[in-house]
Amino acid sequence: MSPAVARSGAALALRPVDESGVDDALRLAAIVFHDHPADEIRERHRELLLRCERFGAYDGDRLVGFLAALPLSLSVPGGELPCAGVTFVCVLPTHRRRGVLTALMGELWRAGARQGRPLAALWAADAAIYGRFGFAFATSGMTVEIDSDRPLGLRVEADPRPLRLLEGPDAREVVAPLHERSRAARAGRPRRDGWWWGTLVLPEQDEEDDELGPPLVVVLGDVDAEEPPAGYAVYRTRPGDDDAGSPGLVQVQEFEADGPGAAAALWRYLADIDLTTRVRCWAVPEDDPLPLMASDPGQVRVTQTFGCLWLRLADVRQALLARAWAAPVDLVLQVHDGVLRGNAGRFRLTVGADSAVTYEASDDPADLTLDVRELAACYLGDARLTRFVRAGLATEHRPGAARALDAALRTEHLPFTLDEF
Ligand SMILES: CC(=O)SCCNC(=O)CCNC(=O)[C@H](O)C(C)(C)COP(=O)(O)OP(=O)(O)OC[C@H]1O[C@@H](n2cnc3c(N)ncnc32)[C@H](O)[C@@H]1OP(=O)(O)O
């Protein structure tokens with residue numbers, strides 16, 4: 001039996017939730033998230049939880065707190081690392097603010113340390129909760145909308161190769177290699193297996209909007225060739241409703257192209273679909289070139305930018321040693337970590353001209369003081385340390401130290417994922 005939670009009221013026991021407890025976890029989630037999903041979606045959630053490590057807090061026999069961790073392999077600059085995909089975090093309303101989540105997080109860290117898992121990541125329902133546990137936004141995205149009531153004007157020639165429309169499992173086999181290649185180029189993406197494609201990317205029914213049709217996958221290039229295609233888009237459509245004033249919509253769920261010609265061909269196709277007058281893509285990377293490619297910037301609008309995946313460096317040393325670096329650096333970092341004390345202290349980070357990395361305890365004066373949250377925000381290449389220094393959230397003791405670390409952390413592409421779990 002694991003430690004108990006006893007901040008106030010009767011002590012609660014912490015223990016793993018076995019397979020027979022998954023329905024209890026789903027019932028708890030339905031209460032906590034005010035969500036009573038249709039049978040198909042509930043079955044998807046069940047399958048997801050069965051793949052997870054499951055941590056429970058029990059009041060007697062009753063499950064009152066729950067946290068699931070999906071085992072992920074997350075792309076990081078130059079490689080990938082084991083990562084806990086934290087999900088279905090819920091505490092019964094009667095048991096809130098008694099330290100249940102804090103205790104479940106403790107179980108997660110202990111399990112991660114046993115398994116040598118240096119990262120944890122999550123999509124947060126409420127942004128205020130996770131910073132105190134050392135998480136920070138580590139990838140961002142932007143929503144783009146195209147007014148497609150007229151031909152899409154682009155300043156770039158479209159790749160003339162044929163487009164093909166695929167459905168079902170065939171689609172996955174064709175596009176998975178291209179996704180895998182782009183996953184290596186942009187950090188922050190979990191590796192997908194067949195279950196992930198089928199259940200989370202290409203399910204018949206969209207989880208958020210039941211008016212959207214089934215997924216369609218348009219592919220550019222020869223689908224029979226040995227090389228992956230040049231690009232693809234996964235999209236769903238919704239018919240227009242004149243009475244309600246809503247346009248026929250093409251909802252782009254995922255877009256990958258290996259260059260500007262391929263991107264132009266695919267965006268043109270999506271904007272050209274009959275009986276629709278709007279293309280909406282919920283998330284593309286913040287450095288996506290589409291807005292630059294548009295002849296009329298008013299036709300392609302960025303409607304919002306937002307943080308996506310939150311990251312936690314559970315083992316800072318392991319995480320830093322595993323990533324690729326863009327420039328040599330030699331800095332002493334004073335790292336604060338109020339939760340995982342093994343990360344806290346003063347360490348010398350060196351990246352040599354030959355890219356060899358070391359990160360060792362040091363007594364030398366610190367060049368930079370920062371919290372593990374800020375390190376997580378910058379780790380995949382998204383945020384800049386210099387900005388945190390300007391915000392007063394990191395302190396530079398040697399001028400230029402933050403700029404040097406930024407230069408070393410820099411990646412060619414911004415990290416990005418839209419894989420929600
Ligand atoms: C990855 C995901 O699954 S995201 C989904 C998260 N789940 C939800 O939003 C469901 C609804 N909410 C809940 O189930 C619970 O309120 C939880 C899980 C958010 C928090 O669980 P609790 O057991 O109450 O948290 P716990 O008591 O350990 O709180 C620790 C600290 O976290 C912070 N915290 C907890 N809940 C919140 C909140 N809703 N907003 C802001 N901060 C919070 C507080 O600082 C708190 O410390 P304090 O009590 O000293 O002020």
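1. F88 sits in strand β5; strands here are DSSP runs of E with at least two residues, helices are runs of H or I with at least four, and both are numbered from the N terminus. The phi of F88 is near 50 degrees, a positive value in a residue other than glycine. F88 is buried, with 21 other C-beta atoms within 10 Å. A residue counts as buried if 20 or more other C-beta atoms lie within 10 Å of its own, as exposed if 12 or fewer do, and as partly exposed in between, with C-beta atoms placed from the backbone.

2. The model is predicted: local features need pLDDT of at least 70, and side-chain atom pairs count only at pLDDT 80 or more, while totals for chains, interfaces and linings use all residues. Residues are numbered from 1 along each chain as its sequence is written.

3. H34 also has a positive phi, of about 55 degrees, although it is not a glycine. H34 belongs to the loop between α1 (22–32) and α2 (39–50). H34 counts as exposed because it has 6 C-beta neighbours inside 10 Å.

4. Strand β5 (79–91) and helix α3 (100–115) each supply at least two residues of the shell around the ligand. The biggest contribution is that of β5, with six residues. In total 21 residues surround the ligand, and the closest are V89, R96, V100, L101 and T102. To be counted as near, a residue must have its C-beta atom, placed from the backbone, within 6 Å of the molecule or strand in question. The shell has 13 nonpolar, three polar and five charged residues. In this scheme Ala, Val, Leu, Ile, Met, Phe, Trp, Tyr, Cys and Pro are nonpolar, Asp, Glu, Lys and Arg are charged, and the others, Gly among them, are polar.

5. An unreviewed UniProt entry places the feature "active site" at Y130 and F421. UniProt positions are given in the numbering used here, feature names are shortened, and annotations may be inferred rather than shown by experiment.

6. Y130 lies in the loop between β6 (119–122) and β7 (136–137). Y130 is buried, as 22 other C-beta atoms are within 10 Å. Residues up to four places away in sequence aside, Y130 touches L122, A124, F135 and W310. Contact means that the C-beta atoms of two residues, placed from the backbone, lie within 7 Å.

7. F421 lies in the segment after α11 (401–409). F421 counts as buried because it has 20 C-beta neighbours inside 10 Å. Apart from neighbours within four places in sequence, F421 is in contact with L48, L70, G85, T87 and L200.

8. The protein is divided into domain 1 (4–117), domain 2 (141–306) and domain 3 (315–409), with bounds from an automatic or database domain assignment. Six residues of domain 1 are in contact with seven residues of domain 3. On the side of domain 1 that touches domain 3, four residues are nonpolar, two are polar and none is charged. The C-alpha centres of domain 1 and domain 3 are 31 Å apart.

9. The protein has 11 helices and 20 strands. Its radius of gyration is 23 Å, close to the 22 Å that the globule rule gives for 421 residues, so the protein is as compact as a globular protein of that length. This radius is taken over C-alpha atoms, and the rule is 2.2 Å times the number of residues to the power 0.38. Of the 421 residues, 43% count as buried.
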